[in-house]
Amino acid sequence: MRIALFQPDIAGNVGTILRTAACFGVGVDIIEPCGFAFSDRALKRAGMDYAKIAPPVRHNDWNSFLSTRPERRVLLTTAGDIPLPEMTFQPDDILLFGSESAGAPDFVHQAASHQVRIPLLTDFRSLNIAVSAGIALAEALRQTGGFAHEVR
């Protein structure tokens, strides 16, 4: 299981997603360009030291990402035709998210094998991307038995 972020805009959201992914042993791909200067300082507040534990794989552009990540891409989008609870995940899926400001362009939608939406109450547009990533990841890990067994 992996999370991929297409041209993310907000460093704090990326840091939060990196922290979440590190805690669950999930890789993260960043598809550039980002809407912020990608640096340890930009990510430090939300990601804390987790980004160093599980550093993201950075891709210069969409084509670079496609050429190195052939796994099934599941796009989380407000335009998705599959409600999250009805999606059947596979252990090697990539959970793909568009940018905070613009979402995912048509070519990203077309490259996804599934377009999934998190059902919300009427009159609400969307959730924060880091919250959406956490919700989708938890459901995907639950379905695939991917939650780590607690060790103390």
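Colleague: Which residue of strand S6 stands opposite Arg73?

Modeller: In this predicted model, where local features need pLDDT of at least 70, side-chain atom pairs count only at pLDDT 80 or more, and totals for chains, interfaces and linings use all residues, Arg73 stands opposite Ile94 in S6. Residues are numbered from 1 along each chain as its sequence is written, and side-chain values use heavy atoms, with hydrogens and water left out.

Colleague: What makes S4 and S6 a pair of strands?

Modeller: Strands (DSSP runs of E, at least two residues; helices are runs of H or I, at least four, and both are numbered from the N terminus) pair if DSSP finds at least two bridges between them. S4 (residues 73-76) and S6 (residues 94-97) run parallel and are joined by 4 bridges, so they count as paired. S4 also runs parallel to S7, with 3 bridges, and Leu76 stands opposite Val116 there.

Colleague: What shows that both faces of S4 are covered?

Modeller: Arg73 and Leu75 on one side, and Val74 and Leu76 on the other, are all buried. In a regular strand, side chains alternate between the two faces of the sheet.

Colleague: Why is His109 called buried?

Modeller: Buried means under 20% relative accessible area (exposed is over 50%, partly exposed in between, with a 1.4 Å probe and protein chains only), and His109 has 14% relative accessibility, so His109 counts as buried. His109 lies in helix H5 (residues 106-111).

Colleague: Which residues does His109 touch, not counting those up to four places away in sequence?

Modeller: With contact meaning heavy atoms within 4.5 Å, His109 touches Leu75, Thr77, Ala79, Ala104 and Gln115.
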